[in-house]
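Dear colleague,

Please find below the sequence and the structure that I am handing over to you. My notes on what was found follow directly after them.

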Amino acid sequence: MEEQAGIAHVPNPKTVEEETADQEIVEIVETAEAEPEHSKRGQLVKSATLVMLGNLGSSVLGQLRQSALAGLGTAITGPFATALTPMQTFLDLLANGTVSGALIPTFTDYSEEEHQQELRRIVYSLVNLLILVSAVIATIFVFIAPWFVGSVLTGNLAPNLKPLAITFSQIIICALAVMGPFAILQAVLYSRKEFGVAAFAAGALHLGIIAGAAVTGWWGANQFGHYGLAFGVILGALAQIALLVPGLKRQKLPYMFVLDLKHPAIRRIFKLYAPLALSYIVSMLFVFLDLGLQTRTPGNPSANLTATKFATTLIQFPGGLVAAALSFAILPTLSRYATENEDGHFKETLMMGLRLGLLLMIPAAAGLITLRYPIVSLLFEHGGFKSGDANLTAIALQYYAYQLPFLVVDQLIMFAFYARKNTIVPVVVGFVCYGCYALVALPFYRTIGMPALVFANTVQNSLHGIILVILFYRFFGSLKIRSSLPAFAKIIAATIAMVAVAWGLQAWMGQYDLFSLRTFQGQVLTTLIAGGAAVVVYFGGILLLKVEEIALLKQAVMAKLGKR
């Protein structure tokens, strides 16, 4: 897989089988266009598929991680989820927020071979700067954590759990100096279309936490065993960097001890990121507000917090698999088309991404909502995670899942603005949507509780996508969405059939003890039978209705599996 990723951007002669495969795509998609154009479209889908496969591996590891954490009980997972938030929030502010909005568009401008050493200088100037800044932030945070985590973030968390959350956070913040550079190095590999290693490396973090959970489960509180979770984050972060090394070697980007902050590219990155930085500062406030509200909801705050974190992981499975994969795969191409003023190709590429994204995200949302109880019970209901905790997680999953189709639209349109070096519009829209979150969350978190906070997040993210589509039309003209309406109608029709089958099978199986969700056997059988039937019905319907993107997706998957 890594070998294919490494040569993805290098022109090479086609075999007879590859020519035949490309011709099949041409016949399926649009015979009137020239073959080179369809070759580009096929390559984009292949790139997106490779990122999807990498994200699939990471997402599976993420589910295993949460399943391992569930066995430890909410008394451990609640403080751990609280402690992760400061590090993740600072990481988004310092590094993750720059990847799509500033780093990849700028790195793409220096992706040619003649600019390789200059690109290397830019990349490692940013890496070294981020290491220094992260070290300063981590040092300060260690001293203020007893007040900030103990008073602001933990809220009504049980008093005996607060010291554990504080210590967790003080250890985990040290991973910032590793995970920040990882984000920059991953971005440069994406810009060079080295998708495979960059996508698969992200899963190493989950492996580190799983190892930490094993230590915690084995030793428990004895010999500081609980701290294994926190040290697992650091271990996973180091593993992420290690997995990027082969790709960096292939791209001839070894480490350089340099700090050239006056380079024009770095100045441009800072300029592009300035609005995003402001957005992430506001985002930090709302993340901490959301966490504070969750720990003050009715019932068991630790259980509510754990439910939202586990449900978020389930939502991130299709989110990372589809929305993030498509966005990062097409961003370098969109950036190039924007630079070359190829407006027609820009919009065609973006629209293709939207169709492919909704092809996968609409049924994903419907499937998670329909099968929420068997999925949550199977993955999490064991050890210290009881049936009541599973029910809370299923409720959170339902309210989160409504946003999935809007999420893929939001990500792609937002990246389209970034490709045109416009970071201001998404930021302004973000501010508006934060207000929408507050309008839903603040009046209801004490009465409705955790579901109100989850639904507020869904409203926030969904409106962000809707508003960006409207503004894209105002700034850059029509995407010709009307021509894609028949494809969207076919996707919805196949999804309705899928939901009907999955719901009917669940209702039928629920009458028999063999399929009871109170047993592990019943959880497995219900999920596999109802879920498997749903997948077959949906993709069978899509093939029957001849939605063209499924042919491109099939071709890309077969190519990556070597079945050309």
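Lys 421 sits in the loop that joins α16 (404–419) to α17 (424–444). This is a predicted model, and in it Lys 421 has a relative accessibility of 29%, so the residue is classed as partly exposed. Leaving aside residues up to four places away in sequence, Lys 421 is in contact with Pro 105, Asp 109, Leu 272 and Thr 339. With Pro 105 the pairing spans 316 residues along the chain, yet the two C-alpha atoms are 7.5 Å from each other.

Contacts of this kind can be set against the protein as a whole. Among contacts with a separation of 6 or more, 84% link residues 24 or more positions apart. The protein has 21 helices and 0 strands. Of its 564 residues, 57% are buried.

Helix α7 (residues 176–191) deserves a separate paragraph. How many of the 16 residues of α7 are buried? The count is 15, and α7 is therefore largely enclosed by the rest of the structure. Just after α7 comes Lys 193, whose phi is positive, at about 60 degrees.

One member, Trp 147, belongs to helix α5 (residues 116–153). Is Trp 147 buried or exposed? Its relative accessibility is 55%, and exposed means over 50%, so Trp 147 counts as exposed.

Finally, a word on confidence. The average pLDDT of the protein is 80, and 81% of the residues score at least 70. Two stretches should be noted. Over residues 1–37 the pLDDT stays under 50, and the model has 50 contacts beyond four places in sequence for them. Residues 559–564 likewise stay under 50 in pLDDT, with 11 contacts beyond four places in sequence.

Yours sincerely

Conventions
Residues are numbered from 1 along each chain as its sequence is written. This is a predicted model: local features need pLDDT of at least 70, side-chain atom pairs count only at pLDDT 80 or more; totals for chains, interfaces and linings use all residues. Side-chain values use heavy atoms; hydrogens and water are left out. Helices (H or I, at least four residues) and strands (E, at least two) are DSSP runs, numbered from the N terminus. Buried means under 20% relative accessible area, exposed over 50%, partly exposed in between (1.4 Å probe, protein chains only). Contact means heavy atoms within 4.5 Å. pLDDT is the predictor's confidence in each residue, from 0 to 100.
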